[in-house]
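Subject: Structure for you, with notes

Hello,

Here is the structure I promised to pass on.

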Amino acid sequence: GIVYHRPPLTQVKWAAMKSYWIVTRDGKSALEPREVPVPAPGRDEILVRVHATALNRGELIVGGAVHGGAERLGGTEASGVIEAVGAGVAEWKTGDRVMGRVRGAFAEYAAMYAGQAMALPPRLTWEEAAAIPSSFITAYEAVVRYGGLQKGEWLLVAGASSGVGMAAVLTAKVLGAH
């Protein structure tokens, strides 16, 4: 994971942050450092000061659906501390430690939809927490939300060695499925 050690926004007077963009040139993907404005949390969003993030291989696949164009701010999951809360957010407050799925996590700050945030368990490091959200939220959505898997049912995971596959197996186990 990438770990940043920068003071909270409330303690500094700057409006720019370091970020890493995924750019595609000549059929290849690369990470490119840039200075960009710190995002403001929109409605139903929280601004997270990123402590760690994870790299998912799908982000670097040239022309893949996950990549999303010639260039974009990288990162799909992060762990950190809530720096600000947008309108409509009641379940989170400044200072809460969270992990979640978020676009643009390869930066010092990321605006995360509050519904994608989870409380960071005290036993996890920033790096461990940053590696969980994308795989586990994706697996949960596929297996439970859309698949309707219930206790006692069977689940076949063809790609069980991938991050999402492993998360699907563990989710099924917690549900009491086979």
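Over how many bridges do strand β1 and β2 pair? Strand β1 (residues 16–25) pairs with β2 over 10 bridges, in the antiparallel sense. One of these pairings puts A16 with P37 of β2 as its bridge partner.

Before the rest, some conditions. This is a predicted model, in which local features need pLDDT of at least 70 and side-chain atom pairs count only at pLDDT 80 or more, while totals for chains, interfaces and linings use all residues. Residues are numbered from 1 along each chain as its sequence is written, and side-chain values use heavy atoms, with hydrogens and water left out. Strands (E, at least two residues) and helices (H or I, at least four) are DSSP runs numbered from the N terminus; two strands pair if DSSP finds at least two bridges between them.

The three-stranded sheet

β1 and β2 belong to an open, antiparallel sheet of three strands, in the order β2-β1-β4. β2 (28–37) and β4 (71–73) are at the edges with a single partner strand each, so one side of each has no neighbour in the sheet. Neighbouring strands here are turned by 30 degrees against each other on average, direction ignored (axes are lines fitted to C-alpha atoms, for helices over the stretch in contact, and angles run from 0 to 180 degrees between N-to-C directions).

The five-stranded sheet

The other sheet is open as well, with five strands in antiparallel pairing and the order β7-β3-β5-β6-β8. Its edges are β7 and β8 (117–119), each with a single partner strand, so one side of each is left without a neighbour in the sheet. From one strand to the next, the twist averages 45 degrees. β3 and β5 pair over seven antiparallel bridges, and V50 stands opposite G80 in β5. Helix α2 (residues 133–146) lies across β5, β6 and β8, at about 60 degrees to β6.

D96

D96 sits in the loop between β5 and β6 (97–101). Is D96 buried or exposed? With 16% relative accessibility, D96 counts as buried, because buried means under 20% relative accessible area (exposed is over 50%, partly exposed in between; 1.4 Å probe, protein chains only). The side chains of D96 and K93 are joined by a polar contact of 2.8 Å (a pair of N or O atoms within 3.5 Å; within protein, one must be able to donate a hydrogen and the other to accept it, and residues adjacent in sequence count only if both atoms are side-chain atoms).

Regards

Note on methods. Contact means heavy atoms within 4.5 Å.
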